[in-house]
Structure formats: C-alpha cells, structure tokens
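Hello,

Here is the structure I promised to pass on to you. Please open it alongside this note.

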Amino acid sequence: MTSLSLLTVLLDCAIFYIVWRLTGSIFDGQIAGRAVAMAFHYFAARSRFFKPQPKFLTLLIAGMPITYLGIRIVTAVTHVRVPTAKLVFEGLLLLAAIAIAKPSQAATPGPVRGGGVWAWVLWPLLLIPAAVEAFGFRSTELLTQFVWDPVGQHRFVLFALVCSGVSVAFGFVARRYFRTAVLTAVLACSVYAVGTAPVGTVLLYVFSCTVLGRLVFGEDTEGPLAFLAGTAIWIAGMYLTLYMPVHYAGTHLAAMALPVLAGYRQTKRLAMEWLRLLLPTERTPSLTTFWAFALLAFLVVANWLVVLKPEISTDGLAMHLAIPADIARHHFFSIDFHQFIWALMPMGGDLGFAAVYASGGEYAARLLNFAMLCGVALLLFRTARSFVPESVAALLAALFVSTPMVYLATGSLFVENSVAFTVLGAVVAVWRFHETRAMRYLLLAATLLGTAMALKLGALTAGLIGFAILIIDFWRGRTKRSPALALAVCAIVLVTGSFPYAKAWKLTGNPFFPFQTGPFKSALVDDDIRDVRYNQPLNWRTPYQLTFETGHYYEGQAGSFGFQYFLFLPLMLAGLVAVRSFRSWSVIAISLISAVIIAATQSNARYFYFLMPLLTLGIAPVLGWLRERQGRFFQTALVAAVIACFGNIWFLPSADWYNRDFYASPLFTEKGRQLYVHVGGPIREVIQFVNGVDQTEPVVLVDSSQIAGVLAPVHAVQWHDYAFLKHVAALQRPVEVFRFFRQEKVAQLIIEKNREDRPETVMRMLKACGEPEFTAKTWEAVKLRPDCERVLAVARGRVDDIDPRIALLKDWVRETKFPETFGSTIAYTNVPGASVQVTIDGTGFRYMYTKAFNRGIAAVIVDGRQVAVIDLYGKEIEWQAHTDFTGLGPGLHEIEIRVTRNKSAAATDYNIDIDALEVF
C-alpha cells in the first residue's frame, strides 16, 4: 500500500469529522469526506509522484455504504463515539486495501493458480466459518456487553490515536528507526516508572539465561531457545534448593552473573546482538511490513502499560505473587502443603518469578511475565517467517498478542506466558532436531518438553505428544548410539517433567494433588476440590461456544477467547492433508490433539492458553501453501486475519476484570499505582494496615485466599487452606468459632463487607463480635471483642427457639402452625445425637417444651455434666411446659439438651422439642 492510500483515508476522516461536527449528520459527513478523498486520489494519482491505484479507488467507493452502516450500528449499540467508529472502519478499509493491493511485498510470491477443484474445496473452509462468526456476533449480541470502563475506553482510544500518529510519522520518515524508538521508549519509561532494580534484574536474568543456554547447548542456539534452556536450568535449580535457606538477593544475583562471567565469548556475542536491536535496521522495510510491525508493537506496548501496575488479581495474590514473596522473605519456601494445599502443585513458572523477585521485587516478577510474552511473540514471528513473508509473520504474531486472554495473562501475574513460551520453544526445538539431526537439539527438545510438563498440569498433554513425536522422529534416523541416546532423552524428560508430580505422589499418594481425587485418594483432602462451574461437555459445538459463549468456560466474557481460532480451524484441519511437511503436521497435530484432550477433561478456557501460540503457528504453513497455489484465496485469508485481529482488539479487556481502566493515571507515577490499588485491589491496603499493627499473631482471611504480602502467620477460610476451612465449617455455633480463633491466637481478621456466602456461624460471630479497625472500600480489618463469649451468650430474659444464639445440631423440624407455643414457633427432633446447645450468662435457666404422646426423654447437660433427664411424655398435650435449673452461680454456662432415644412405655415416639429458654 502506497502513501497515497493512507493520505486519502486521513483526508476522508478529517473532512468527515468537520462536516459531522457542523451538521451532526453521519450521512452528510460520509458523503462529503468520501467525495473529497476520491477527488484528491484521482488528481494526485495523475501526478508524477504517485501511481494510480484502481483497486483501492474501487474499494473506496464500495466501502462507503459499509462504513456508514457500520458507524450507525456500532454507535447505536455501544458507547463508542462517532469519530472513533469512523477511524476503526476506515482503518479496516485501509488494511483490507493493503492485503488486496500488495499481499506479499516482503518476498516474491510463488506460482499462483486460481480456480479449479481447489477453489471449490478451499473457499467454503473460510467462508463458512466467517458466516458462522457473523451469525455469532448477531445472535449473541457481543457488541452490547460491557467491556471497557468509560475511563479505560477513553484512555485506550487516546493511546491508539497517539500510536497511529507516531506510526504514520515513522512510516513516512524513518521506518528504519521505529524499532529503536519503541525499545528505547519502553526501557526508559520502565525505569522511570518502577525503578532501576526491577528492570535491571529482569534484563540480567534474561541475558544470563540466554548465555547459560548457549553454554550448555551450543553458541549457535538461537536467542529465544537459549533463553528457554537457561530458564529451564534455573527452574531445576530452584526446585532442588527450594527448602534450603539460600535464596537471598545476593545469591540470586551472583548466580545470574556466573554464566555471564564464565561464558566470555557467548556474553560478548549476545551483547552485540542486543546492541544491534537498539540500532536502526539494516534495510528499510516495505510499508506493508512496517504496518504489520507497527500493529504488533501497538499490541505489545498496550500489554506493557498494564504490566506497570501493581498486582491485584485474585490468583496472583493468592498464589503466583505469594510464592516469590514467601521465598524472598524467608529465603526458602516456607508454605506447608498441609495448610495451603496448592503448595505441591507444579510451580515452575512461579519459581522463575522468585528468581528475580528477591532483588527486583514485585515489578521484576511482572516485567519477567511481560518478557515471556515478548519471547512468545518473537519466536512465533521468527518461526512463521519460514513459511510466509515478514509482513504476514508479524501479522500472525499480532493476531496472538491481540487475543483478550493474553491481555489477562500479561496484565496479571499468571504463569500462562511462561508455559506457552516453553511449549512453543519445545516444538521449535523438535523441528530443529528434525532438520539438523544435531544431538544438542535433541537434548534441548527433551529438556524443554520436560520443563513444560513441570510448569502446569495442562501442559502434560502437549509435552507427552511432543515427546512421542520426538522419539519417533529420532528412531527413524537411528544409529548405533541410538538406544543410549533414547534412554538419555527419556531420562531428561522424566527427571525434568515428573519432579512436582513425583513429590506430590510420595507425600500425599496423589501425583496431581490436590486435584484428581477420584482415581487418586489422599488422606489430606476429600473428593470436593473441584470447580464444577466450568464442566462443559466436548461436542461439535465446542469451538463455537469457546468463541461466543466463553463465559461458560471461565470467568471471562463472551468473545475473550479470540476470533481467529474458530475462523481458521477448518483450514488447519485441511492443512494436515494438504501441507505434507514434518513441521506443518507436527504443530497442527500437537495443538489440535491437546486441545481436544483438554476440552474433554478440563474445559476451562484458560487451560487452552499455552496452545494458542501453537494454534496461531499452525496457520502459517497453510497460508504459505495457499500463497503458492491460490493467490486470491491467500489475499482473502489475510483480510480475514486482519478483521479477526481488530475484532480481538475491540474486546481486549473482555477476559480481564482487573485492567478495564487500561493504564494507571497519572501515568508512570507512584500516585497512579496507589490509586489503582485503592480502586481495584483495596485488600492490599488492608493487608498493609494489618502488617503495621502486628506481624507475629495469626491473621485470618475470611472471604479470600489472597495471602501475598501478609507478614504474620495467615489462615484462610477458603479451599486453599483446606484443613482450616473444614474445621471452621464443622463448628456449630458462633461461640465455637470465636473459641477456635482464640485458641489459634488469631489477632485480626480481613473480611469483605456484605459477603453472604461465608459459613453461617462465622457470619453471626462477626456480626456480634467484629469491630472494624480499618476500611478500604469493600474490605475491612476486623478485631474480635475480647468479651465475645458474653456477647454471644443468652443473658437474663426469655428467648424463642428461633433465636440465632440457640444452636440446633443435626436434623430438627421447625413448626409455626401452633399458636399455643411461645412465639408460635417450636422445633422438635427424634434423630439420635441431635441436641440443643446454648451459652447462657446467669445463675439458672428455664427449659420450656411441649408435653405430648409422641415425646421421649431428654438429657440436660450443664457445663459438661449431666444434671437431669426429663420425660416429655404427656397423655394430653401440655403447651409451654417447663423445668427450672437454678443455683448455677453467676457467669457463663454451657447448656446442652440432647435426644436420648429413650421413652416411656406409653410414648409413641422419641421426639424432644424446644419452645423457648429463659435465663435467670
């Protein structure tokens, strides 16, 4: 696409905006803008500076009604303003023109053949999914759902306009300097925003791991694979020393510096490679390639902006930040799996965060997560480039980064990017071995496959399938040394991949502890550690449901899975047959088979994340094959990819409940980050307050398991702290909850106001005895009144059986149809072991009950000693009968009235009841 097309579009938008502002009519603005733009294009094309572009002029005319209708529809069903909608649609028009006019400027296209049988086969494979997606947009009303916060939408539009302006300036003046400008700006702003220590630690870690990978697997190992190899070694080292008190900032920095000093040649070479990244490119990229890279840079920088904010995600604060914070504070991993049962789960990604957290803190961990995303994008681009031109490879990388789930995983401290990068690197290493038959790539592939399996349970599928492909490919070219090498490869995969599972199996009897409790029983948990919210069956509609009904698969909204996977799935399946190459069928087979297994066993959309780069890469060989054989179809597929990319951008925060306001404001400032925590993560402010009060007495998180940052011993009334939750849930009375907390020496509680899903006994105890000390929006730090037992006791006076301080244990029947009873209510039971329990504050009490023909004998126990048995049998019904107990002495007394399952000979049943209780 030449500069004339871009100028035409900009002029159209400018005239449209002026006319629309003056008249308020979208139609008038569209007609005026398009007329002026077409006139400009016609006369400019006749000059000696430009060449005529009839395809673009035709598209400009044909796109006028489409743009008008699109603006009207979008502004009618969303809060998007008219100028924004105009820019979006004209941008899509421009990109479509780029794809149609010059689809492959970066490389010379191969032979193009249109028509024939391939036209009848291929076109439906793209047009039918496109039509289904159009139906999905209409039937599910995606455009009407809430996506951005209003302030976030404003910030994102402003960011897009700034990036567009910068890209246009560089595109016409200094394309060679664009990469330099972006990298320099990101590094400088990162240092300004979060300081030198986090940025320097992450850079040193990435540099050190890359050098280490080349020292072990050869100095010619490409950068991303070398970095992954070094990271795998680091994770293995962290696993081996996890419980040793050696994890100090100085220790980690020394370990990072060691490969840099030991591998002088590799260090020098890598330093030169990094330096060249900051220098202008050797050749000026074509405009097509530049716009593709500008789109990729726009998406990467958008993710970087949310990385510079503090962590507030639930999973991040509950586990992924808690692990590195705990290791940094205690210098070893002190979280006991007997308490927090996730402590035996695969946590290789979290250990990578821990490697930089000790010296760089929270922002080093978040920046490392961002570095993993950049690694995925870089490796995806480099690998796709072997199938398609640079511009298309960059578009595929942008397609992945634009996926809303990427915005979630990068903006929060999740391990998905680490897992996805490792799995992608393992597949590329398998390819390198297939092509070179070099032993170092064989061992590298085995190392990365094993490491991927140790990072996350879901990655077992891709790891095992990739391992099978590696062994088969290895055995086909076997030599005399093959058996020994095969054993070595198996040993590497077994050692690196099985460590967390073997450890869990040894300690609990369940390799997948605390999950999969059906086939693997463990004494530490029951068969109730399952998320039953997302259990969709695998069927032929699953791809459509993942795309347009994503909220049924995880906590995100519809459309957050991305639109490209459903769109290109039929072409990928066709690629298994049409594209007969090892690389093509292996990546498609690994990604699709793994996706089917995950959908059938753990249908949570986030578990597909590590497959998304593979699914995106699987499109590349198909596009490369189409480019050589079906040029027109290839162009159409690129247009579809661009539209899918912009569709993803529209729904970017639909997977993320934490960054809908986009970047923190004021940008790059501590004030902005504090405001972000106050609005989105106030529990961190409460934790900070609790830390300032006491760091020795235990703290209980009643409504959350977000333990990151709590300096005192901590418990949670959540499934993460399984034994504690079970103990609290088994307590029958509020006073028992208080006594248990007092026994555990709990000083403070952190609660979320207005929560209704906590255990009833806890709610009643908090309502009676909780005294707020600090409040941050919906979260509070609460201390318990020291006289809580007296507050929860029944004092002098009469109370009905429905009083919450009277606990009815086991199965009781309540009746409200007898007006003769006190308060017109009564409760009765004949269940063995059922009882009434209550604490009183007085010198005696009156037990009020009903005598009847079906009543049995009740035992009355005071302060643990049985003081009487009462026969409630009566030939005639006697309402509000009672028995008095006096002389107990002032103070608190524990009263229990229990079913004995004894009765008089004349009684017809064993029922006992309680009508009321009066304290003297």
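Predicted model: local features only at pLDDT ≥ 70, side-chain atom pairs only at ≥ 80, totals over all residues.

Residues are numbered from 1 along each chain as its sequence is written, and side-chain values use heavy atoms, leaving out hydrogens and water.

The whole structure holds 48 aromatic pairs (ring centres of Phe, Tyr or the six-membered ring of Trp within 6.5 Å; planes under 30 degrees apart are stacked, over 60 edge-to-face, the rest tilted). Tyr-501 and Phe-512 pair edge-to-face, 5.8 Å centre to centre with 65° between the planes. Tyr-501 belongs to helix α21 and Phe-512 to the loop between α21 and α22, so the pair ties together parts eleven residues apart in sequence (helices are DSSP runs of H or I, at least four residues, numbered from the N terminus). Tyr-501 is buried at 8% relative accessibility, whereas Phe-512, at 23%, is partly exposed (buried is under 20% relative accessible area, exposed over 50%, partly exposed in between, with a 1.4 Å probe and protein chains only).

Seven rings deserve a look together: Trp-148, Phe-156, Phe-159, Phe-298, Tyr-407, Phe-662 and Tyr-663 form one aromatic cluster.

Charges also sit over rings (NZ of Lys or CZ of Arg within 6 Å of the ring centre and within 35 degrees of the ring normal). Arg-606 lies over the face of Phe-414, 4.3 Å from the ring centre, and Lys-903 over Tyr-910 at 5.7 Å.

Finally, an open sheet of four strands runs β6-β17-β11-β14 with antiparallel pairing (strands are DSSP runs of E, at least two residues; two pair if DSSP finds at least two bridges between them).

Best wishes
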